[in-house]
Amino acid sequence: MFKDAAMNSVELTLTERIWNMILEIVREIAECFNIEDEQILDMLVNRSDKLSHFVEIYQLKQAS
């Protein structure tokens, strides 16, 4: 049971790191093109089932 909990903790930490990297890349792209980063995220999430799923997982983690 402890081993499973520890693995989930590592996965969430990795997920959080990846998400932060994605956000930083989106911010840089938004700055380069002089548009809002929320606009880019909205377009990515609404057009990608995989990224949408990733965002849902991250939001569930933050809620807990």
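Biologist: How many salt bridges does the count come to here?

Modeller: The count comes to two salt bridges. Keep in mind that this is a predicted model. The general idea is simple: side chains of opposite charge can pair when their charged atoms come close.

Biologist: Which side chain meets Arg-27 in a salt bridge at 3.7 Å?

Modeller: That is Glu-24, with the 3.7 Å taken from N to O. Both Arg-27 and Glu-24 belong to helix 1, and they sit three residues apart, about one turn of the helix.

Biologist: Are Arg-27 and Glu-24 buried or partly exposed?

Modeller: Arg-27 has a relative accessible area of 40%, so it counts as partly exposed. Glu-24 is partly exposed too, because its relative accessibility is 38%.

Biologist: And with which residue does Arg-27 form a salt bridge at 4.0 Å?

Modeller: With Asp-37; the closest N and O atoms of this pair are 4.0 Å apart. This pair links distant parts of the chain, as Arg-27 is in helix 1 while Asp-37 is in helix 2 (residues 37-47), ten residues away. Through shared partners, the salt bridges join Glu-24, Arg-27 and Asp-37 into one network.

Biologist: Let's turn to helix 2. Which of its residues are buried?

Modeller: Asp-37, Ile-40 and Leu-41 are the buried residues there. They lie on the same side of helix 2, because they cover an arc of only 95° around the axis.

Biologist: What does the face turned away from that buried side carry?

Modeller: That face of helix 2 carries exposed residues: Glu-38, Asn-46 and Arg-47.

Biologist: Now a nonpolar case. Which residues form a nonpolar patch on the surface?

Modeller: Four names to select: Ile-25, Ile-29, Phe-33 and Ile-35. Together they have about 400 Å² of accessible area. Ile-25, one of the patch residues, is found in helix 1, which spans residues 2-33.

Biologist: One more residue, please. Is Thr-15 buried or exposed?

Modeller: Thr-15 has a relative accessibility of 17%, and the cut-off for buried is under 20%, so Thr-15 counts as buried. Its place is in helix 1.

Biologist: How far apart are Thr-15 and Ile-57, in sequence and in space?

Modeller: In sequence, 42 residues separate Thr-15 from Ile-57. In space, their C-alpha atoms are 8.8 Å apart.

How values were computed: Residues numbered from 1 in each chain as written. Predicted model: local features only at pLDDT ≥ 70, side-chain atom pairs only at ≥ 80, totals over all residues. Heavy atoms only, no water. Patch = residues over 30% accessible without salt bridge, like charges linked within 9 Å, V, L, I, M, F, W, Y side chains within 5 Å. Areas by Shrake-Rupley, 256 points an atom, 1.4 Å probe, with all protein chains shown as cover. Helix = DSSP H or I, 4+ residues; strand = E, 2+ residues; numbered from the N terminus. Buried < 20%, exposed > 50% of the residue type's maximum accessible area, 1.4 Å probe, protein only. Arc of directions from axis to C-beta.
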